[in-house]
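Have a look at the sequence and the model first, then read on.

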Amino acid sequence: MNSHDTPTAVTVRCQNNRSVSVRLCDSSRPDEDRVKYAVEASAPGLTIRVDEVVAWNWGTDLAPFLEGLAVDFRGWDGQRVWQTNDRDLTVSAVFRSGGHVGLTWTLRPWRSAAGGWEASVTTWLDAGEHMSALAVDVRRFLTQQDGRP
C-alpha cells in the first residue's frame, strides 16, 4: 500500500496460519463524533461478522491501543485489553518470546448480548514493524470519511 493511500478495509492475517484473519471494513461516519464499521473474522470452519461497531473520536478507539502495543515492541507482562463502549468488539494482546504479539479479537453483537453469541480468533504478528503498520492502517481506516479518503 502506498503511504498516501487510505485503506477502505484493513485485514489482519495470522503469520502462523494465513487462513485465520480479521477484517475491518464498510466504514461510515454518521456524525463528527463516531465511525461505524463492520468486523469480519474467519478461521477454518468459522466465518462471522458484526455490523455497526462504533469507534468514538475520544482518543480511546482501537488505533491508540494498537499504537501503544507497537511502541512497547520489546514486550510486556500479562494481557492488555481494549473494547468498544458497547463491548461488541474486544481485543486482548499478549506478548510472547521472540517478539510476537497475539491479538485475540472477540466479537459479540451487543444487540444480542442476552442469549446471543460470542466468537474469538487470535492473530499472531511480529511486535515491531508489523504491529506499527497495523496501527497506521487502522488509524487511517478510522479517520476516513464514509469509506473514502
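1. A quick definition to start: a salt bridge here is a side-chain nitrogen of Lys or Arg within 4 Å of a carboxyl oxygen of Asp or Glu. Bear in mind that you're looking at a predicted model. Searching the whole structure turns up eight salt bridges.

2. Let's begin with E40 and R23, whose side chains form a salt bridge at 3.2 Å, N to O. E40 belongs to strand 3 (residues 34-43) and R23 to strand 2 (residues 21-31), so this pair ties together parts that are 17 residues apart in sequence. E40 is partly exposed, at 23% relative accessible area, and R23 is partly exposed too, at 33%.

3. E40 also has a salt bridge with R49, at 2.5 Å, N to O. R49 is partly exposed, with 35% relative accessible area. Zoom out and you'll find a network of salt bridges linking R23, D26, E40, R49 and D51.

4. Finally, is T123 buried or exposed? T123, in strand 8 (residues 119-126), counts as buried because its relative accessibility is 0%. Its side chain makes a polar contact with the side chain of W105, at 3.0 Å. Among the other residues T123 touches are V12, C14, V22 and L103.

How values were computed:
Residues numbered from 1 in each chain as written. Predicted model: local features only at pLDDT ≥ 70, side-chain atom pairs only at ≥ 80, totals over all residues. Heavy atoms only, no water. Helix = DSSP H or I, 4+ residues; strand = E, 2+ residues; numbered from the N terminus. Buried < 20%, exposed > 50% of the residue type's maximum accessible area, 1.4 Å probe, protein only. Polar contact = N/O pair within 3.5 Å; in protein donor to acceptor, adjacent residues only side chain to side chain. Contact = heavy atoms within 4.5 Å. Lists of a residue's contacts leave out its neighbours within four places in sequence.
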